[in-house]
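Dear colleague,

Please read the notes alongside the coordinates.

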Amino acid sequence: MADYILSCCSIADLNKEHFEKRNIRYACMRYTLGDNEYRDDLGVTVPYHEFYQRMVAGEMTSTSQLNPAEYVDYFKSIMEGNKPIVHLTLSSGLSGTYGCAVNAAEMLMEEYPGLKIYVVDSLGASSGAGLLVETMADKRDEGMSAEELYNWTVENRLKLHHWFFSTDLKYYVRGGRVSKTEGFVGNMLKICPMLNMDFEGHLIPREKIRTKKRCFTAIVDHMEECAEGGLDYAGKCFISHSDCYEDALAVAKLIEERFPQLKGKIVINYIGTIIGAHSGPGTVALFFWGKERVD
């Protein structure tokens, strides 16, 4: 196994056991729920179901990125001598996290001559970043050096596709993505927005679909269009959801029926507290490898 440390931000939305099994360290971001601030500790302090139920009950949420000083403390906590560190962050198109991590890495490399910290902007989020860091762990275990892994990730990150749909526009209204009028009409007509991640790591609304059931088919259609090899896609596939497991399972079943060459079963995770604080309950997200994102 390569002699360096692989790390990411907690927004990769894999569970604690998954991170430990693959020997991936993670930096916990912070969120506010109601009147209290918490570390994003993967649902340990506030279980995910409770988190989303409290949102439904009306408690407000917000999130905080780690500042450079906090990243310095985090990197120091995982340092093992002068072993290199490769760290994957939340998309710079969604947060200033990447810049803060880079600043911290530069400070530490100046303080510890010979230390190398490679910070990678995932240009992704949730289990999309999770599938990316999972693949990085595969490459590490195959013998890639830290520098080679950094270069490979930068060259391939835009081949990781992110597709999302949401069944409740209330949280899009709260976040300012949708007007109150659009949200009211959309919810009344059962309109679900379909979004994906563009080549700059921004979430972009792509279409409006009426009824959740049609979203199940539409998101799988997008996978067929974009996946590496089309229906012969033989890579891994991750799904994450914000407290709507049955919807995620319905999408997974459709994918497994249409893509018989998948590598293993589809992994279904919760959307964690950082992304979920903005998406709200009722979101399903799909992640897979495909042709490079160009728009």
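**Aromatic pairs**

Phe165 is buried, its relative accessibility being 0%, where buried stands for under 20% relative accessible area, exposed for over 50% and partly exposed for anything in between, with a 1.4 Å probe and protein chains only. This is a predicted model, in which local features need pLDDT of at least 70 and side-chain atom pairs count only at pLDDT 80 or more, while totals for chains, interfaces and linings use all residues. Residues are numbered from 1 along each chain as its sequence is written, and side-chain values use heavy atoms, with hydrogens and water left out.

Rings of Phe, Tyr and Trp (its six-membered ring) are taken as a pair if their centres lie within 6.5 Å, with planes under 30 degrees apart called stacked, over 60 edge-to-face and the rest tilted. On that rule there are 13 aromatic pairs. One of them joins Tyr118 and Tyr150, a tilted pair with 5.6 Å from centre to centre and 35 degrees between the planes. Tyr118 belongs to strand S7 (residues 117–121) and Tyr150 to helix H6 (residues 146–156), so the pair ties together parts 32 residues apart in sequence; helices (H or I, at least four residues) and strands (E, at least two) are DSSP runs, numbered from the N terminus. Tyr118 is buried at 17% relative accessible area, whereas Tyr150 is partly exposed at 26%.

Phe165 and Phe216 also form a tilted pair, with ring centres 6.0 Å apart and planes at 50 degrees. Phe216 is buried as well, at 13%.

Finally, Tyr31, Tyr38, Tyr48, Phe51, Tyr52 and Tyr270 make up one aromatic cluster.

Best regards
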